[in-house]
Amino acid sequence: DISKSPVQYECDENVDCTLTPCPEDEGCRTSLDVRIHKTWYNLSGWRKAHPAGSHWIDSYDGRDATEVMDAMHSEKAKEMYKRLPKSDEAT
């Protein structure tokens, strides 16, 4: 039952994200919170699909990425991030 197991987001290259059970042998990262234009997003599921590598996503955990989003991303990417799961500001 997925409601009793830890879950994580998995996102594909089109930012289609779904909740999936965490792999028992690997565990999971349930939150990786990045702020873009005053809104917090959970990028934990997107990090593996990020074209430039997960290290870029990881380095912005808990930080504001508005400047890098605006400066380094295409117009398509600037629309795509808005489909990512939103985070709770308290996290």
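The model is predicted, so local features need pLDDT of at least 70 and side-chain atom pairs count only at pLDDT 80 or more, whereas totals for chains, interfaces and linings use all residues. Residues are numbered from 1 along each chain as its sequence is written, and side-chain values use heavy atoms, with hydrogens and water left out.

The side chain of Arg47 meets that of Asp58 in a salt bridge, at 2.7 Å from N to O. Arg47 belongs to the loop between β4 (39–42) and α1 (54–59), while Asp58 lies in helix α1, so the pair ties together parts that are 11 residues apart in sequence. Helices (H or I, at least four residues) and strands (E, at least two) are DSSP runs, numbered from the N terminus.

Side chains of opposite charge can pair when their charged atoms come close. The criterion used here is a side-chain nitrogen of Lys or Arg within 4 Å of a carboxyl oxygen of Asp or Glu, and by this rule the model has 4 salt bridges. One of them joins Asp64 to Arg35, whose closest N and O atoms are 2.8 Å apart. Because Asp64 lies in strand β5 (residues 63–64) and Arg35 in strand β3 (residues 33–36), this pair ties together parts that are 29 residues apart in sequence. Both ends are partly exposed: Asp64 has 33% relative accessibility, and Arg35 has 31%.

Glu75 is exposed, with a relative accessible area of 57%, but Lys78 counts as buried at 18%.

The strands β3 and β5 also belong to an open sheet of 3 strands, in the order β4-β3-β5 and with mixed pairing. Its edge strands are β4 and β5, each of which pairs on one side only. Two strands pair if DSSP finds at least two bridges between them; β3 and β4 run antiparallel and are joined by 4 bridges. Within this arrangement, Ile36 stands opposite Thr39 in β4.

Ser87 is located in the segment after α3 (75–80). It is buried, with a relative accessible area of 15%. Beyond its neighbours within four places in sequence, Ser87 is in contact (heavy atoms within 4.5 Å) with Asp33, Trp40, Tyr41 and Asn42. Its side chain makes a polar contact with the side chain of Asp33 at 2.5 Å. A polar contact is a pair of N or O atoms within 3.5 Å; within protein, one must be able to donate a hydrogen and the other to accept it, and residues adjacent in sequence count only if both atoms are side-chain atoms. The Ser87 side chain also reaches the backbone oxygen of Tyr41, at 3.2 Å.

A disulfide is a covalent bond between the sulfur atoms of two cysteines. Taking sulfur atoms within 2.5 Å as the rule, the count comes to 1 disulfide. Cys11 and Cys17 form a disulfide with their sulfur atoms 2.1 Å apart, and the link is right-handed, with 110° about the S-S bond. Cys11 counts as buried at 10% relative accessibility, whereas Cys17 is partly exposed at 23%.

Conventions: Buried means under 20% relative accessible area, exposed over 50%, partly exposed in between (1.4 Å probe, protein chains only).
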